[in-house]
Amino acid sequence: MEYMLQIENVTKTFNPGTVNEKTALRNVSLNMKRGDFATIVGSNGAGKSTLFNAITGAFFTDNGKIILDGEDITFKKEHLRSRDIGHLFQDPLMGTAPHMTIEENMSLAYLKASYHRKSLFSSITKKDKEFFRTQLAQLHMGLEDRMDNPVGLLSGGQRQALTLVMATMVTPKILLLDEHTAALDPATADKVLELTRKVVSDNHLTCLMVTHNMHQALEIGNRTLMMYNGTIILDKQGQERASMSVEDLLEQFSIQAGKELDNDRILLSGKVEK
Amino acid sequence: MLQFFAGSQFITSMELGLLYGLVALALYISFGLLNIADLSTDGCFTLGCAVGASLTVAGHPFLAVPAAMAAGVLSGYVTSFLQTKLGVEPILAGIIVNTGLYTINFLAMGSSSNLNVFGSDTIFSLAKKVSKAKWYKKTYTLMILLVIVLAICIILHWFLNTTLGLSIRATGDNENMVRASSINPGFTITVGLCIASSLTALSGCLLAQYQKSCDINFGTGQVTIALASLMIGQTLIRRGPIFVRTIGVILGSCLYRLIVAIAMKFNMPAEFLKLASAIIVTAAIVIPYAKQKVSFYRRRMSRKAAN
């Protein structure tokens, strides 16, 4: 299949018909080729997380189609989709079970793949434990020596790094990173970002990464998307993207945001300003 | 006082501790692992008791055990169906099933509120005939219960380390992570509650054969006692392999029964037993918290003195 991910005309409105009505996604369309690494920027409330949730199946969209690797997953249940999708959140505590040990958490992630688990009753072997150890060793955080510690004792950065390893241990078809370094201190954030780059390039993963860092948005990956108010307003790759600077990106953003603002001014004052 | 520990009362307390320890194990799964307050425990216990007693009276003491466990699985399935498929609040689901089970238990005992097993062969009476040795005659009940409980702990240890078992453990911790690991949390809750209910029913069945009777009110208050046992057990053993933790829960149950037996030695009137139980339960739950507070207070005092 040429495209790994195809999102066609997807719309989602929350709480329709009430005072809290919010159209989070308006007619969004997006095609990702195999191996594309796209960064997404946008203001809060633009629909970035909602787009991710639509892909993972946290809710069903109002209309439109989502096709992953040639399969129409529009109405597939969330836990069935997650076999092929890796999803990291901004909150480093969300990806792991705090009362279980590192080894047990990794076991769960490992057994996600049907080719690793023969049945619901398969257990982890010594060989698997060695595999976990090597996976953790590449983090250079010393976690491979603490595999019997409950995850709740780890710091946020360590948990996020662990979640990243868990999400990519079984190669997903698409990796969704929702500001996954936002809650980490600069040093740890760098480490996790380096790991992200390495893991994505080693496994040729298709990846979507949300970031608020404009530099990262243009440097990392091969494609930059910008979302505003539920639509994708910018999609640059290749030469166009290489020739963009951070200022250009910010300018694009304020133009698009300004357009909205102008409409409000029209409504409120009755005047059309240029 | 030391005589007490050699006496038959000690052995009885241990037997009851092992027997009721199965209910504490059930709560370990539903409350400790899944974080669900399952209030159908009382009804489910009586269900196991009723089914066990009925089959024992009918002449099948060994069949009574798996039959009671199967009944428990049904009860657990209904409770989890209400929660996962019909969206009922977990606590309410337990209460609903508990209420409905009252009638079912009544019917299971042949439309009567109690059932007498005296005179029928039970697994205990059959085991008694195995040997004539004096030490055997004193301890055979304890040994049977010990074997059953240890077997359950070993099976639980294996199960809770399989894919399904790990997902059940993770469901109470981080449900989203379970979904992200491609497992349906509704399914894990169902399996967890079915197992927990079957253990509760097993306990009821064993009680029916142990006390040679079954009454519709036997289940009342079981969830409270089991919770206390669980708390005591978790105070003793919090971390370690699953097998060790389950042994801790059983120890908690035995300790609870021991404390109750000692309290009874003070020749209290029967009505005071409930208050004594309430105080013991509170103490069990509060002691770890109190220990923390005392050490905090001590540190504060020593710092004040240093200044």
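Trainee: A residue is buried if 20 or more other C-beta atoms, placed from the backbone, lie within 10 Å of its own, exposed if 12 or fewer, and partly exposed in between. What percentage of the residues in chain A is buried?

Mentor: Buried residues account for 37% of the 274 in chain A. This is a predicted model, in which local features need pLDDT of at least 70, side-chain atom pairs count only at pLDDT 80 or more, and totals for chains, interfaces and linings use all residues. Residues are numbered from 1 along each chain as its sequence is written, while chains are lettered from A and ligands numbered from 1 in the order in which they are written.

Trainee: How many helices and strands in chain A?

Mentor: Chain A has 9 helices and 10 strands, taken as DSSP runs numbered from the N terminus (helices H or I, at least four residues; strands E, at least two). Its radius of gyration is 20 Å, close to the 19 Å from the globule rule for 274 residues, so chain A is as compact as a globular protein of that length. The radius is taken over C-alpha atoms, and the rule is 2.2 Å times the number of residues to the power 0.38.

Trainee: And what box do the C-alpha atoms of chain A fill?

Mentor: Roughly 70 × 40 × 40 Å, along the principal axes.

Trainee: Switching to the interface. How many residues of chain B are in contact with chain A?

Mentor: On the chain B side 18 residues are in contact with 24 residues of chain A, contact being C-beta atoms, placed from the backbone, within 7 Å. The elements of chain B that give two or more residues to that side are α7 (163-173) and α8 (175-180). α7(B) gives the most, with 7 residues.

Trainee: What kinds of residue are on that side of chain B?

Mentor: The side of chain B that touches chain A has 6 nonpolar, 9 polar and 3 charged residues. Nonpolar covers Ala, Val, Leu, Ile, Met, Phe, Trp, Tyr, Cys and Pro, charged covers Asp, Glu, Lys and Arg, and the others, Gly among them, are polar.

Trainee: How is chain B divided into domains?

Mentor: Domain 1 of chain B is 2-265 and domain 2 is 275-307, with bounds from an automatic or database domain assignment. Their centres, taken over C-alpha atoms, are 32 Å apart. The contact between them takes 9 residues from domain 1 of chain B and 8 from domain 2 of chain B. On the domain 1 side, α10 (222-236) and α11 (242-264) of chain B each supply at least two residues, and α10(B) gives the most, with 5. That domain 1 side has 7 nonpolar, 2 polar and no charged residues.

Trainee: What confidence does the predictor give the complex?

Mentor: The complex gets an ipTM of 0.83 and a pTM of 0.87.

Note on methods. Two residues are in contact if their C-beta atoms, placed from the backbone, lie within 7 Å.
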